[in-house]
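Trainee: Can we go through this one together? I'd like to start with the overall layout and then look at a few residues.

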Amino acid sequence: MTRLTGSALRVTVFIGENDTWHHKPLYSEIVHRAHAAGLAGASVFRGIEGFGASSLIHTSRLLSLSEDLPVAIVIVDTEEHVRAFLPQLDELVGEGLVILDDCEVIRYVGREEASGKTDMKGKKSL
């Protein structure tokens with residue numbers, strides 16, 4: 001597992017949930033590529049309302065527009081690893097917004113590291 005504490009870089013990608021890459025959801029392609037690149041982690045968040053460069057408001061309240069809600073993919077790792085991943089985002093993101101923020105990682109611990117190996121019910125195994 002990747003160890004990550006202290007100074008880091010957060011990249012956030014804002015796209016529409018209907019955006020695709022080779023007939024597959026774009027957010028899924030980004031997450032899988034981040035995983036394959038060995039980045040510390042990636043999460044996808046679905047928005048309930050928003051607009052971007054097109055100025056078209058997408059909202060879950062209007063049935064006609066609720067199919068393409070905003071999606072944010074957040075990836076955090078060291079600056080070196082994130083910047084090495086940016087060319088892949090440049091290839092994948094045709095429409096959307098990609099931003100970088102400095103951040104500080106206070107705690108980054110996986111389940112097994114936090115409490116020892118556990119079974120499906122959360123009990124420690126030997």
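This is a predicted model: local features need pLDDT of at least 70, side-chain atom pairs count only at pLDDT 80 or more; totals for chains, interfaces and linings use all residues.

Trainee: How many helices and strands does the protein chain have?

Mentor: The secondary structure comes to 3 helices and 8 strands. Starting at the N terminus, the order of elements is β-β-β-α-β-β-β-β-α-β-α.

Trainee: What share of the residues count as buried?

Mentor: Of the 126 residues in the protein chain, 27% count as buried. The chain exposes about 8800 Å², and carbon and sulfur atoms supply 53% of that area.

Trainee: And among contacts with a separation of 6 or more, how much comes from residues 24 or more positions apart?

Mentor: Those account for 72% of the contacts in that set.

Trainee: OK, helices. Which residues of α1 are buried?

Mentor: Leu 26, Ser 28, Glu 29, Ile 30, Arg 33 and Ala 34. The helix itself covers residues 26-36. The elements that cover its buried residues include β1, β2, β3 (24-25), β4 (42-46), β7 and α2.

Trainee: What comes just after α1?

Mentor: Gly 38, which takes a positive phi of about 80°.

Trainee: Now α2. Where is the kink?

Mentor: At Leu 86, shortly before the proline Pro 87, with a bend of about 30°.

Trainee: Which α2 residues are buried, and what do they pack against?

Mentor: The buried residues are Val 82, Phe 85, Leu 89 and Leu 92. They pack against β1, β2 (20-21), α1, β7 (70-77) and β8.

Trainee: What does its side chain pair with?

Mentor: The side chains of Glu 29 and Arg 33 form a salt bridge, 2.8 Å from N to O. Both residues sit in helix α1 and are 4 residues apart, so about one helical turn separates them. In general, an α-helix has 3.6 residues a turn, so residues three or four places apart point the same way.

Trainee: Is Arg 33 buried or exposed?

Mentor: Arg 33 counts as buried, because its relative accessibility is 16%.

Trainee: Apart from its close sequence neighbours, what is Glu 29 in contact with?

Mentor: Leaving aside neighbours within four places in sequence, Glu 29 is in contact with Trp 21, Lys 24 and Leu 92.

Trainee: How many salt bridges does the structure hold?

Mentor: There are 6. Another of them joins the side chains of Arg 10 and Asp 101, at 3.5 Å from N to O. Here too distant parts of the chain are linked: Arg 10 is in strand β1 (residues 6-16) and Asp 101 in strand β8 (residues 97-105), 91 residues apart.

Trainee: What are the accessibility values for those two?

Mentor: Arg 10 has 32% relative accessibility and so counts as partly exposed. Asp 101 is also partly exposed, at 26%.

Trainee: Last topic, Thr 12. Which strand is it in, and is it buried or exposed?

Mentor: Thr 12 is in strand β1. It is buried, with a relative accessible area of 7%.

Trainee: What is around it?

Mentor: Beyond its neighbours within four places in sequence, Thr 12 is in contact with Ala 72, Ile 73, Val 74, Leu 97, Val 98 and Ile 99. Thr 12 and Leu 100 are 88 residues apart in sequence, with 6.5 Å between their C-alpha atoms.

Technical notes. Residues are numbered from 1 along each chain as its sequence is written. Side-chain values use heavy atoms; hydrogens and water are left out. Helices (H or I, at least four residues) and strands (E, at least two) are DSSP runs, numbered from the N terminus. Contact means heavy atoms within 4.5 Å. A salt bridge is a side-chain nitrogen of Lys or Arg within 4 Å of a carboxyl oxygen of Asp or Glu. Buried means under 20% relative accessible area, exposed over 50%, partly exposed in between (1.4 Å probe, protein chains only). Accessible areas come from the Shrake-Rupley method with a 1.4 Å probe; for residues, only the protein chains shown count as cover. The bend at a residue is the angle between axes fitted to the seven residues ending there and the seven starting there.
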